Amino acid sequence: EKDTKRNNNNSARYLLIAGSSFSSAQRPSVSLVDLESVSDAKHGGHRVITGDFPEMRRWGVKAAPDPTDRTRALLFGGWDSREQYNDLYVIGHHNRKLVSKQLEPTGTPPSHRAGHSMTTTTTMTTTTTMVTKTTKRSGAAVLVFGGSACVGGPYKFYNDTFALILTNDGKCSWSVVETTGTKPSPRAQHAAAVVSLSNGHEGLVVIGGYNG
């Protein structure tokens, strides 16, 4: 994921997250590329920090920049050939070392799945109505759409949308996004992007994918 935030020495960075290598370990590798450095000719002249991410030895996991701190990436879901997941991790760097941490948002998360899309939006407001009160949450968000899961043998494909609302105080919460109009059909392995609409709002564009 490209990171366009610049730190004190004006260096822009990329956080690259690879899938598994089809080995029994299913261990993805992670590389942080400092685009402004020239100290490592082996990697095209750029300094590279690499590391393992043993908590997520799986594929079909998706990543998106953390909209509250774009030196970090958020990772959700995936499959390890035994089961699907719906856990959420954040991965970043500290003192030139890769660090990861599992997050535990409040609210109702997406079901276990892989092959979904995960897209960052700048701001979003969700409303949750309980028996006793209605709660509004506003902040930057990551949208999760679609995906698939193996349910008792056959695959089930989804076309639901969830928002992970993040605030600058480090809190985050899941909310179901209720949409109007005709939904995209259930699918996985698609592409998605957030675009600006003429009314000043943002919209999620979903392209392609697979549904069996």
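This is a predicted model: local features need pLDDT of at least 70, side-chain atom pairs count only at pLDDT 80 or more; totals for chains, interfaces and linings use all residues.
Biologist: What makes the contact of Asp69 with Arg72 a salt bridge?

Modeller: A salt bridge is a side-chain nitrogen of Lys or Arg within 4 Å of a carboxyl oxygen of Asp or Glu, and the closest N and O atoms of Asp69 and Arg72 are 3.8 Å apart, so the pair qualifies. The side chain of Arg72 also meets that of Asp66 in a salt bridge, at 2.6 Å from N to O. A search of the whole structure finds four salt bridges.

Biologist: How do you know whether Asp66 is buried or exposed?

Modeller: Asp66 has 0% relative accessibility and therefore counts as buried, whereas Arg72, at 30%, counts as partly exposed.

Biologist: Which parts of the chain does the pair of Asp160 and Arg113 tie together?

Modeller: Asp160 and Arg113 form a salt bridge whose closest N and O atoms are 2.8 Å apart. Asp160 lies in strand β12 and Arg113 in the loop between β9 (106–107) and β10 (117–129), so the pair ties together parts that are 47 residues apart in sequence; strands here are DSSP runs (E, at least two residues), numbered from the N terminus. Asp160 is partly exposed because its relative accessible area is 22%, while Arg113, at 0%, is buried. As for shared partners, Asp66, Asp69 and Arg72 are joined by their salt bridges into one network.

Biologist: What makes a group of residues a nonpolar core?

Modeller: The term covers a set of buried Ala, Val, Leu, Ile, Met, Phe, Trp, Tyr and Cys residues joined through side-chain atoms within 4.5 Å. The largest one here has 14 residues, and Leu74, Leu88, Met118, Val142 and Leu164 have the most contacts inside it. Two or more residues each come from β6 (73–79), β7 (84–94), β11 (134–150), β12 (155–166) and β13 (172–176), with β12 giving the most, three residues. Apart from this core lies another, of five residues, among them Ala141, Leu143, Ala163 and Val177. In soluble globular proteins, nonpolar side chains tend to be buried together.

Biologist: Why is Thr122 called exposed?

Modeller: Thr122, which lies in strand β10, has 57% relative accessibility and so counts as exposed. The C-alpha atoms of Thr122 and Val142 are separated by 8.6 Å, although the two residues are 20 apart along the chain.

Terms used: Residues are numbered from 1 along each chain as its sequence is written. Side-chain values use heavy atoms; hydrogens and water are left out. Buried means under 20% relative accessible area, exposed over 50%, partly exposed in between (1.4 Å probe, protein chains only). Helices (H or I, at least four residues) and strands (E, at least two) are DSSP runs, numbered from the N terminus.
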